[in-house]
Amino acid sequence: MKEVSADQVKRMMERVAQKVVESEPYLTEIDLKIGDGDHGTGMKRGFLAVQKMLLDLKVDSCEGVFRAVGTCLLDTMGGASGVLFGTVFISGIVKREERNSFKLSDFAEIFSTSLTSLKKRGKAKVGDKTMVDALEPAVLALEEGAKEGLDLIEGFQRATLAAEKGMEYTKTIKARFGRAKYFGDKAIGLQDAGATSVYIIFQAMSDFLKGEKN
């Protein structure tokens, strides 16, 4: 599979929203250990709203789908997570021309731009025990896959594996942001909820693409 249509991107985001909503208990359990305990409920609230919004969304472009998802998250999720995850979907498409299909290179470009914006906004980098620890390796995997000429399925499989490794990496480090930073060494051995959400999102996108092949 070399590209997906705007309608497929919409259905991909429907799969993402469903997966995030279903993962709320898991995300809450993780966040209760070193966070405020509200990450799961915030993600569920935002992506439930995304589910409802997508039901009536008239697809005009791939960028339009991302813009609608990001705006919905900003409007409904609340807190820092709403801003950060809204940024993931909005900031990468701001200066792009609207198009009716995405290749792996498009996803790589969009998420790379979003990662840069996210790091500027949140000031976090790899090693700080945040969502960046999963997002940055996933983005690098997409970029490398696009350069190698991989198709969408292979590219997102790589990105998902990279995000998972980044999520697991957060177990080995102390936190430098949020409530978790006050746990110091006690945070070692526990994974970051934001990084987990990034992994879940990439896993859902990858699963969708594999399903479209059949």
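**A walk through the helices**

Let's begin with helix 8, where Leu152, Ile153, Gly155, Phe156, Ala159, Thr160, Ala162, Ala163, Gly166 and Met167 are buried (under 20% relative accessible area, with a 1.4 Å probe and protein chains only). This is a predicted model, in which local features need pLDDT of at least 70 and side-chain atom pairs count only at pLDDT 80 or more, while totals for chains, interfaces and linings use all residues. Residues are numbered from 1 along each chain as its sequence is written, and side-chain values use heavy atoms, leaving out hydrogens and water.

Helix 8 covers residues 152–169 and spans 25 Å from first to last C-alpha, close to the 26 Å expected at 1.5 Å a residue (1.5 Å times one less than the number of residues). Helices here are DSSP runs of H or I with at least four residues, numbered from the N terminus. At the start of helix 8, a side-chain oxygen of Asp151 comes to within 3.2 Å of the backbone nitrogen of Ile153.

Leaving aside neighbours within four places in sequence, Phe47 is in contact with Val16, Ala17, Val20, Val21, Leu73, Met77, Phe89 and Ile201; contact means heavy atoms within 4.5 Å.

Terms used:
Helices (H or I, at least four residues) and strands (E, at least two) are DSSP runs, numbered from the N terminus. Buried means under 20% relative accessible area, exposed over 50%, partly exposed in between (1.4 Å probe, protein chains only). A polar contact is a pair of N or O atoms within 3.5 Å; within protein, one must be able to donate a hydrogen and the other to accept it, and residues adjacent in sequence count only if both atoms are side-chain atoms.
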